[in-house]
Amino acid sequence: MVEINLDHIYKRYQGNTDYSVSDFNLDIKDGEFIVFVGPSGCGKSTTLRMIAGLEDITDGDFKMEGKVMNKVAPKDRDIAMVFQNYALYPHMTVFDNMAFGLNIRKNDKADTKKRVENAAKILGLTDYLKRKPGALSGGQRQRVALGRAIVRDAKLFLLDEPLSNLDAKLRVQMRTEIAQLHQRLGRNFIYVTHDQVEAMTMADRIVIMNDGKIQQVGSPYDLYNKP
Ligand code: ADP
Ligand code: ADP
């Protein structure tokens, strides 16, 4: 079953003459882990931000389960996003940071508590729920950002270079954790990175981008092992 369609998507920012994304065309199957890889400036973030609803689509359609989502507000999309800089609220506790997306949607308090505690258990954050982000390590902050996405139980997870602020050792560890999380949740993940090793170790399918266009799409095996 095709779950998500990026149907000939184009983006031209206001004031720019060139398109930042051109004819991006991709069908994503249920539960796939997709990685967008390519050099800085090739349009990875722009594509992700259009999917999240943080940027308008200039032309083409983004569909989930057949429904055109182009005009749907970000908070009404069944999508959770993890940012490179974590985007945590420094004055809120870990618990409140993780609960934030549910609270703005007026979710039932008891259910929110259950979901946050469950996510904290998965991520090893149970003992840190009362702390503020400033009192956490980089890896723990990144887990809180993941936790905030998990509690939403969204259909689609978007991760924009989530590991690039971590040191090399932690990056390898978090890669494994994110892959396990994907297995566990069984949701679609779209993961943006400029790191080919990350792409190869995590993806079901890799989308190689260059200059706003898809250059190649395939499994890690297809892209890197075949002559
Ligand atoms: P990547 O995520 O692959 O590094 P981006 O999607 O950030 O690439 O950028 C793609 C292109 O769009 C770049 O040429 C960049 O300068 C341009 N761009 C990104 N954001 C904006 C913006 N808000 N306004 C104008 N141009 C932008
Ligand atoms: P990344 O490569 O991770 O997308 P950047 O440092 O390129 O990050 O961009 C950071 C922010 O600046 C983003 O919000 C992006 O949309 C914006 N931006 C990038 N390029 C341009 C540009 N040419 N004009 C205006 N804003 C831009």
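Reply: We begin with the secondary structure. In this predicted model, the protein chain has seven helices and 10 strands. Its radius of gyration is 17 Å, close to the 17 Å that the globule rule gives for 227 residues, so the chain is as compact as a globular protein of that length.

Me: What percentage of the 227 residues is buried?

Reply: Buried residues account for 49% of the 227. As for contacts between residues at least 6 apart in sequence, 67% join residues at least 24 apart.

Me: How many aromatic pairs does a search of the whole structure find, and how is the geometry of a pair read?

Reply: The search finds six aromatic pairs. The geometry is read from the angle between the planes: over 60 degrees counts as edge-to-face, under 30 as stacked, and the rest as tilted. Tyr10 and Tyr19 are edge-to-face, with 5.7 Å from centre to centre and 75° between the planes. Tyr10 is partly exposed at 25% relative accessible area, and Tyr19 is also partly exposed, at 41%.

Me: Why does the pair of Phe33 and Phe189 count as tilted?

Reply: The planes of Phe33 and Phe189 lie at 35°, so the pair is tilted; the ring centres are 5.4 Å apart. This pair links distant parts of the chain, 156 residues apart: Phe33 belongs to strand 3 (residues 33-37) and Phe189 to strand 8 (residues 188-193).

Me: Are Phe33 and Phe189 buried or exposed?

Reply: The cut-off for buried is under 20% relative accessible area. Phe33 has 1% and therefore counts as buried; Phe189, at 1%, is likewise buried. Phe33 and Phe189 form one aromatic cluster with Phe157 and Tyr191.

Notes:
Residues numbered from 1 in each chain as written. Chains lettered and ligands numbered in written order. Predicted model: local features only at pLDDT ≥ 70, side-chain atom pairs only at ≥ 80, totals over all residues. Heavy atoms only, no water. Helix = DSSP H or I, 4+ residues; strand = E, 2+ residues; numbered from the N terminus. Rg over C-alpha atoms; globule rule 2.2 N^0.38 Å. Buried < 20%, exposed > 50% of the residue type's maximum accessible area, 1.4 Å probe, protein only. Contact = heavy atoms within 4.5 Å. Phe/Tyr/Trp six-rings, centres within 6.5 Å; stacked < 30°, edge-to-face > 60°.
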